Amino acid sequence: FMVQGAGKVGLPVIKNLLHLGAYVYFCDTDEKRAALVSIDYKSAQLVAPEDIYNKRFEFFVPCGKGGTVNKKTIPLLAASGCKFIVPSANNVLENPKTNALMLQKYDILLAPDYVVNGGGMINIASEMLPGGYSASWALTKTAEIGYLLRRIFSEAKKTGKTTVTVADSIARKHLLHMRHERKKAFLASV
């Protein structure tokens with residue numbers, strides 16, 4: 001795994017990956033933070049941000065700023081042996097349509113960021129339930145993210161569409177369904 005960013009999001013990712021026995025490279029633009037993480041997590045190998053593409057890894061986990069997956073970095077990721085991108089950063093693709101097609105061309109599977117990061121929104125939504133926050137509801141809904149990703153990957157493989165296109169289509173259908181249900185409920189209450 002190559003974890004890009006070792007801050008509030010990246011550090012728990014590094015910690016969890018090491019706990020699971022993964023081999024982890026990481027980088028951070030904040031040299032002081034990177035040095036502290038490398039002291040606390042000696043099993044993870046610190047790499048300078050400009051040198052990440054000189055390492056061999058299968059999973060790229062961008063946890064910092066968006067736009068780090070682009071027409072310049074995608075060939076470098078492919079040359080590094082990257083097969084999967086699982087972003088914790090939002091808007092990881094600089095240009096979603098063209099970058100998603102380019103990833104597909106290089107046979108790199110992208111887990112769309114807004115799907116992978118859905119747990120945060122689910123947790124917030126749980127706070128708005130009648131009766132207040134429900135940890136069990138949030139955990140149940142968050143567990144469904146894995147099923148949704150498998151659905152996205154399967155449909156992308158079957159149709160030849162990018163995972164971004166498939167995820168966007170599923171999201172649009174869901175939003176239209178929810179809009180219809182809300183309208184139906186409103187009309188029934190009038």
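**Loop residues, helix packing and surface features of the chain**

N91 is located in the loop that connects β5 (84-85) with α4 (96-105), where helices (H or I, at least four residues) and strands (E, at least two) are DSSP runs numbered from the N terminus. The model is predicted, so local features need pLDDT of at least 70 and side-chain atom pairs count only at pLDDT 80 or more, while totals for chains, interfaces and linings use all residues. Residues are numbered from 1 along each chain as its sequence is written, and side-chain values use heavy atoms, with hydrogens and water left out.

N91 is not a glycine, yet its phi is positive, at about 50 degrees. With a relative accessible area of 57%, N91 is exposed (buried means under 20%, exposed over 50% and partly exposed in between, with a 1.4 Å probe and protein chains only). V86 belongs to the loop between β5 and α4 as well. The relative accessibility of V86 is 31%, and V86 therefore counts as partly exposed. D107 is exposed, its relative accessible area being 55%.

The protein chain contains 8 helices and 6 strands. Their order along the sequence is β-α-β-α-β-β-α-β-α-β-α-α-α-α. The C-alpha trace spans about 60 × 40 × 25 Å along its principal axes. Buried residues make up 35% of the 190 residues of the protein chain.

Helix α6, which covers residues 118-127, packs against α7 at an angle of about 155 degrees, and the axes of the two helices are 9 Å apart. This angle makes α6 roughly antiparallel to α7. Axes are lines fitted to C-alpha atoms, for helices over the stretch in contact, and angles run from 0 to 180 degrees between N-to-C directions. Angles under 35 degrees count as roughly parallel, over 145 as roughly antiparallel, 65 to 115 as roughly perpendicular and the rest as oblique. The crossing of α6 past α7 is right-handed (near helix turned clockwise from the far one by less than a right angle; left-handed if anticlockwise).

Helix α7 (residues 135-159) in turn packs with helix α8 (residues 163-189), at an angle of about 120 degrees and with axes 9 Å apart. The relation of α7 to α8 is therefore oblique. In this pair, too, the crossing is right-handed, with α7 passing α8.

M121 is a residue of helix α6. At 57% relative accessibility, M121 is classed as exposed. Together with I124 and M128, M121 makes a nonpolar surface patch of about 350 Å². Patch residues have over 30% relative accessible area and no salt bridge; like charges are joined within 9 Å and nonpolar side chains (Val, Leu, Ile, Met, Phe, Trp, Tyr) within 5 Å. A salt bridge is a Lys or Arg side-chain nitrogen within 4 Å of an Asp or Glu carboxyl oxygen, and areas follow the Shrake-Rupley method with a 1.4 Å probe, only the protein chains shown counting as cover for residues.

L76 lies in helix α3, which runs over residues 73-79. L76 is partly exposed, at 34% relative accessibility.
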